[in-house]
Amino acid sequence: MKYLVTGGAGFIGSNFIRHVLGKYKDASVINLDKLTYAGNKDNLKDVENDSRYTFIEGDICSSELVEPVAKGCDVIVNFAAESHVDRSISGPGSFIMTDVFGTYVLLEAARKNDCGFVQVSTDEVYGSISEGSFFETSVLSPSSPYSASKAGGELIAKSYSETYGMPVLITRSSNNFGPFQHPEKLIPLFITNAIENKALPLYGDGLQVRDWIYVIDNCEAILAVMEKGRTGEIYNIGAGNEFTNLEVTGMILSELKKPKSLIKLVKDRPGHDKRYSVDTSKVRELGWKPSHDFRRALKETVAWYRNNRAWWEKIKSGEFLEYYRSHYYEKHGLKEASQ
Ligand SMILES: NC(=O)c1ccc[n+]([C@@H]2O[C@H](COP(=O)([O-])OP(=O)(O)OC[C@H]3O[C@@H](n4cnc5c(N)ncnc54)[C@H](O)[C@@H]3O)[C@@H](O)[C@H]2O)c1
């Protein structure tokens, strides 16, 4: 099986590539990634000399680049996206380009080259739910430019299945966590800040509920959908680990033996969804279920960031530093090293 994975230098994509190469000896993978601030070739250092793996630096919005690369591939798995909600609020344009237009370019490449297509989407397309869980048939009501652009991308993907009869599958997963996640996202930001005795800027009252899934469980779910899912269908993916952000923050601090005084409540994000929750019966009917216990996986994730300090220090000291300082500190009037 020949996979074209886009956005494979990011968090989930890099875990997916490593997982596929480890699981299937006959797999080969092309990783097409623009290497935005979120893309990092270090995420796949351990496989870069594997003859089954090829890296191509490039933009999914370029049909001249994408169409020849897709030739001969069995499937395109589209992870490439602008993925950070805060950045979508300060600058939505790149989200619409990559997450909507880029998805269209990839779909055209799949259509011309007879490739299957997997659109990796998010539970955020549904918006917030106070009670119960969203089904795949629920109305989409995205709240941020990020989730709206993801909804746009997946609707186009769905239309290619309906209109051209293409083998398209869509996954909508809940919040992932694990190794190699960019330290702008909640869990790695808070782990790395706590290690450095820096403030943990928690939005609003910290009572937003998210359903956390360990990244490898999501990778396995995507493979289950690819292998057993019905063409043209959408699959929610989640592990049923609903916690408030405050609870998760408390678990991180307790694992690192750091004081709760590091938590600094800051002005809430505009349009911040209160709770995400998806019903996952449909993907479970394919025989998939999560195999990682949340607390244990969080413990291992904390250990990974503790043991891979050079990986995140490089990111936190590079071009990300300016954004990080202005967004997380100056904007909220926090001191960088506040104990
Ligand atoms: N992280 C989560 O919790 C989560 C949950 C549900 C769905 N998703 C979806 O999963 C996918 C991967 O998420 P992630 O957290 O790994 O994101 P990420 O930000 O870590 O990685 C995104 C990758 O896409 C690349 N990229 C961005 N624009 C590109 C372009 N125009 N052309 C080529 N490459 C480009 C970046 O360089 C980066 O390597 C995204 O589509 C996201 O919407 C993520």
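**Exercise 1.** Work out how the residues of the shell around the ligand divide into nonpolar, polar and charged.

*Solution.* Next, who comes nearest? Of the 30 residues around the ligand, that's Gly 7, Gly 10, Phe 11, Gly 39 and Ala 81; being near takes a C-beta atom, placed from the backbone, within 6 Å of the molecule. Finally, helix H1 (11-23) gives the most, with three residues.

A word on the model: it's predicted, so local features need pLDDT of at least 70 and side-chain atom pairs pLDDT 80 or more, while totals for chains, interfaces and linings use all residues. Residues are numbered from 1 along each chain as its sequence is written.

**Exercise 2.** Find which strands stand at the edges of the open sheet.

*Solution.* First, write down the order of the seven strands: E3-E2-E1-E4-E5-E6-E10, with parallel pairing. Strands are DSSP runs of E, at least two residues long, and helices are runs of H or I, at least four, numbered from the N terminus; two strands pair if DSSP finds at least two bridges between them. Then look at the ends: E3 (53-57) and E10 (234-237) each have a single partner strand, so one side of each lacks a neighbour in the sheet. As a check on E3, five bridges join it to E2 (residues 28-33), and Asn 31 stands opposite Phe 55.

Notes. Ala, Val, Leu, Ile, Met, Phe, Trp, Tyr, Cys and Pro count as nonpolar, Asp, Glu, Lys and Arg as charged, and the others, Gly among them, as polar.
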